[in-house]
Amino acid sequence: MPLPSRPRQRPVRKILHVDMDAFYASVEQRDDPALRGRPVAVGGRSGRGVVCAASYEARPFGVRSAMPMAHARKLCPDLIVVPPRFAVYKEVSDVVRGIFRSYTDLVEPLSLDEAYLDVTEPKRGPRSATLIAQSIRREIHEATGLTASAGVSFAKFFAKVASDLDKPDGLSVIQPHEARAFMAALPVEKFHGVGPATARRLHGLGIRTGADLQSWDEAALRQRLGKTGGWLYRLGQCDDTRPVRPHRVRKSVGVERTFSHNERGEAAILARLEPITSELVRRLDTHGLAGRTVTLKLKTARFVQSTRSASFASPVWQEGPLATIAAALLARPEVPDSPLRLVGLTVSSLVPLADVDGVQLSLEL
């Protein structure tokens, strides 16, 4: 009589999260020796400018990305503001991604400066994920002169959290047998994907750490938090089976601009929309995409946000039709009377441009 077969155990995956250190600011300090060792912020210099990145010398003052530049200057009077050079950052990012792909095809970029890698079956190098992470960080520094931090674990959540533990230029590892105790000690604010609003809701339930989360059952969390509750329950149990996806599906392509001074009136807003539309067309062309839905985003000086959308049977990708649609959306139902501080234009319901027959039909709203 044959012996019963044992259930096959799922192999432990080897996941890396690699994150360039203060990427934009570090590129600027690399290229301009006068900026090294000094507090630097990359972003807009106008009164409406926003910090895109802050050097490590600026961070002790409280300067952070997405902060209004005017506030950053108050926190750090000696702050040096440098305009962004996105073409340069893209070139550096391409070099870094080339290094990633020399080790594995399973690379999931999150932005220009960070990505997940699955190195369970590496194309080259050692079998150890930790040694691969060390090699990748060394090769990045040799090729770009920049440093990167890395997290190594069996799941994306823990790799992401680990990469933040020893910044800058650090490497941290969370082994499977360490995960539950690590999660128990972790404040919910440190959970990747948990923002301030969700953290406040968790605090209201008495959940401040992973240990608190682990004391709840899934049904109770789902009842109070919906789908988020189910996701958090699985995290508390160290159950993150999300694969590294090398081809993330893009859902939209958009461009928005915050003005240095508020704009009012149809002519002024349409003038602002011209360069936005041109940039949107460039991005669609870069990604080889067209789309059937166009959305106009408006934000008033009082930060009241609204959107106006229209969908079409024929995909849109050319500048003329996009400009016409944007103007029509601006006037439907009427041109906003309130001064605007931000305007954006987005194309969604995307299709590959290669699948479009090349003729853009007339579009009516």
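## Domain contacts and a helix pair

Domain 1 and domain 2 bury about 770 Å² between them, with 86% of that area on carbon and sulfur atoms; buried area is the accessible area (1.4 Å probe) that two parts lose on being put together, summed over both. This is a predicted model, in which local features need pLDDT of at least 70 and side-chain atom pairs count only at pLDDT 80 or more, while totals for chains, interfaces and linings use all residues. Residues are numbered from 1 along each chain as its sequence is written, and side-chain values use heavy atoms, leaving out hydrogens and water.

**Domains 1 and 2**

- The protein chain is assigned domain 1 (10–174), domain 2 (178–237) and domain 3 (252–353), with bounds from an automatic or database domain assignment.
- Taken over C-alpha atoms, the centres of domain 1 and domain 2 are 27 Å apart.
- On the domain 1 side, F157, F158 and I174 lose the most area to domain 2, together 61% of what that side buries.
- Contact (heavy atoms within 4.5 Å) links 9 residues of domain 1 with 9 residues of domain 2.
- There are 0 salt bridges between domain 1 and domain 2, counting a side-chain nitrogen of Lys or Arg within 4 Å of a carboxyl oxygen of Asp or Glu.

**Helices α1 and α3**

- Helices here are DSSP runs (H or I, at least four residues), numbered from the N terminus.
- Helix α1 (residues 23–31) packs against helix α3 (residues 86–103) at an angle of about 100 degrees, and their axes lie 10 Å apart.
- Axes are lines fitted to C-alpha atoms over the stretch in contact, and angles run from 0 to 180 degrees between N-to-C directions.
- α1 and α3 are therefore roughly perpendicular to each other, a term for angles of 65 to 115 degrees.
- F23, Y24, V27, E28, R30 and D31 of α1 meet F86, V88, Y89, V92 and S93 of α3.

Conventions:
Helix = DSSP H or I, 4+ residues; strand = E, 2+ residues; numbered from the N terminus. Parallel < 35°, antiparallel > 145°, perpendicular 65-115°, else oblique.
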